[in-house]
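Here is a friendly briefing to read with the model open beside you.

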Amino acid sequence: MKTPARSPHTQPVRHIRLRLPGVGRSCISYRPPQRVAGSKQPTPPWIVFSPGALTTPGDYRVLLGELTAAGAAVLTLDYRWPLLFAGDAAEARRAILAARRLLRGQLPARGLARHRLPPAPTGRRRAAAPLRILGYSLGGWVLSAGFGQGFGGRPVEWVLLGVSSLQEPWHKPATRRARVRLLAGSEDGVVNPAGLEGLAAALGSPVEWLPGVNHFGLLAARVGAPEFRARDRATRLDQRASAARIARQILGKAR
């Protein structure tokens with residue numbers, strides 16, 4: 001696996017909170033590269049991030065820092081949790097809408113440029129990096145309703161982190177241009193091993209194990225329900241090391 005290196009030419013990460021048309025409250029995180037005269041800046045890989053239960057984009061500053069240090073631009077959803085828990089279909093579809101709007105260029109280019117954000121990953125180049133839709137814990141569970149959605153032939157990776165069950169009914173993607181990856185920490189005490197094994201078999205996607213990573217290690221100690229934290233296993237990795245290991249796995253295995 002090729003590991004993306006931190007670029008020495010990037011600036012500090014910027015977190016821009018926006019209310020995007022059709023997507024709602026979001027935060028886009030990005031490190032603008034230093035300008036080099038005569039050079040053309042490549043379009044960075046984009047990630048749409050569906051976070052875990054009762055969390056906000058601000059709870060993931062360390063993970064977002066690691067993802068953007070590797071060159072990615074990350075659109076993190078700021079869910080309205082009471083609506084999501086009540087089964088609101090529009091709230092559950094926000095990640096899908098965000099991905100579609102990015103790929104169709106429906107997030108205004110002028111608006112992105114005004115905030116010094118990179119252009120959306122539009123176009124149909126065969127070699128284009130896939131748009132990744134990352135779901136962590138409950139934020140991954142809610143993504144499964146979108147597996148059957150089309151994205152105009154563009155490559156999409158669904159990345160499920162710390163997820164061992166999906167919202168029913170669900171069906172695996174029918175196109176080769178959309179793939180599902182399962183990531184799990186070796187010390188995750190929250191996921192159900194049998195459920196994770198069943199998902200891997202149903203999706204035809206092996207579990208990508210993250211050595212030393214547990215379920216809550218990428219978050220501050222104050223975040224997460226005590227009853228679930230009590231089930232998690234201890235790890236020697238600190239928050240930054242856990243986030244770095246996750247970021248390397250996500251961005252180092254484009255298919």
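In this predicted model, the buried residues of helix 4 are covered by elements that include strand 2 (24-30), strand 3 (46-50), strand 4 (73-77), helix 3 (89-92), strand 5 (131-136) and strand 6 (156-161). Helix 4 itself spans residues 94-103 and is mostly covered, with 8 of its 10 residues buried.

**Helix 4 and the cores**
- The buried residues of helix 4 are Arg94, Ala95, Ile96, Ala98, Ala99, Arg100, Leu102 and Leu103.
- Just past the end of helix 4, Gly105 has a positive phi of about 70°.
- The largest nonpolar core has 44 residues, and Leu75, Ile133, Phe151, Trp158 and Leu160 are the ones that touch the most other members. Helix 4 contributes the most to this core, giving 6 residues.
- There is also a second, separate core of 27 residues, with Ile47, Tyr60, Val159 and Leu183 among them.
- Leu160 is worth a click: leaving out residues up to four places away in sequence, Leu160 touches Gly135, Gly140, Leu143, Phe147, Leu166, Val180, Arg181, Leu182 and Leu183.
- As background, nonpolar side chains tend to be buried together in soluble globular proteins.

**The chain as a whole**
- The protein chain holds 9 helices and 8 strands.
- Of its 255 residues, 50% are buried.
- Among contacts in the chain with a separation of 6 or more, 69% link residues 24 or more positions apart.

**Pocket and cavity**
- The largest pocket holds about 480 Å³ of space. It is lined by 22 residues, of which Ala53, Ser137, Leu138, His215 and Phe228 are the closest to its centre.
- By type, the lining of the largest pocket has 13 nonpolar, 8 polar and 1 charged residues.
- Searching the whole structure turns up 1 cavity of 30 Å³ or more, and the largest cavity has a volume of about 40 Å³.
- Tyr136, Leu161, Gly162, Gly185, Asp188, Val213, Asn214, His215, Leu218 and Ile246 line the largest cavity; these divide into 5 nonpolar, 4 polar and 1 charged.

**Loops and backbone details**
- Ser137, in the loop between strand 5 and helix 6 (138-141), has a positive phi of about 55° although it is not a glycine.
- Leu54 is another non-glycine residue with a positive phi, here about 60°. Leu54 sits in the loop between strand 3 and helix 1 (61-69) and, at 61% relative accessibility, counts as exposed because the cut-off is over 50%.
- Gly189 belongs to the loop between strand 7 (178-185) and helix 7 (193-203). Its relative accessible area is 17%, so Gly189 is buried, the limit being under 20%.
- Setting aside neighbours within four places in sequence, Gly189 is in contact with Arg231, Asp232 and Arg233. Gly189 and Asn214 are 25 residues apart in sequence, and their C-alpha atoms are 6.9 Å apart in space.
- Glu168 and Pro169 are joined by a cis peptide bond, with omega at about -10°; Pro169 is in the loop between strand 6 and strand 7.

Terms used
Residues are numbered from 1 along each chain as its sequence is written. This is a predicted model: local features need pLDDT of at least 70, side-chain atom pairs count only at pLDDT 80 or more; totals for chains, interfaces and linings use all residues. Side-chain values use heavy atoms; hydrogens and water are left out. On a 1 Å grid over the protein atoms alone, a cavity is a set of points where a 1.4 Å probe fits but cannot get out, and a pocket is an open set with protein on both sides within 12 Å along at least five of seven lines; lining residues have an atom within 4 Å of a point. Grid points are joined across faces, edges and corners, and a volume is the space filled by probe spheres set on the points. Ala, Val, Leu, Ile, Met, Phe, Trp, Tyr, Cys and Pro count as nonpolar, Asp, Glu, Lys and Arg as charged, and the others, Gly among them, as polar. Helices (H or I, at least four residues) and strands (E, at least two) are DSSP runs, numbered from the N terminus. Buried means under 20% relative accessible area, exposed over 50%, partly exposed in between (1.4 Å probe, protein chains only). Contact means heavy atoms within 4.5 Å. A nonpolar core is a set of buried Ala, Val, Leu, Ile, Met, Phe, Trp, Tyr and Cys residues joined through side-chain atoms within 4.5 Å.
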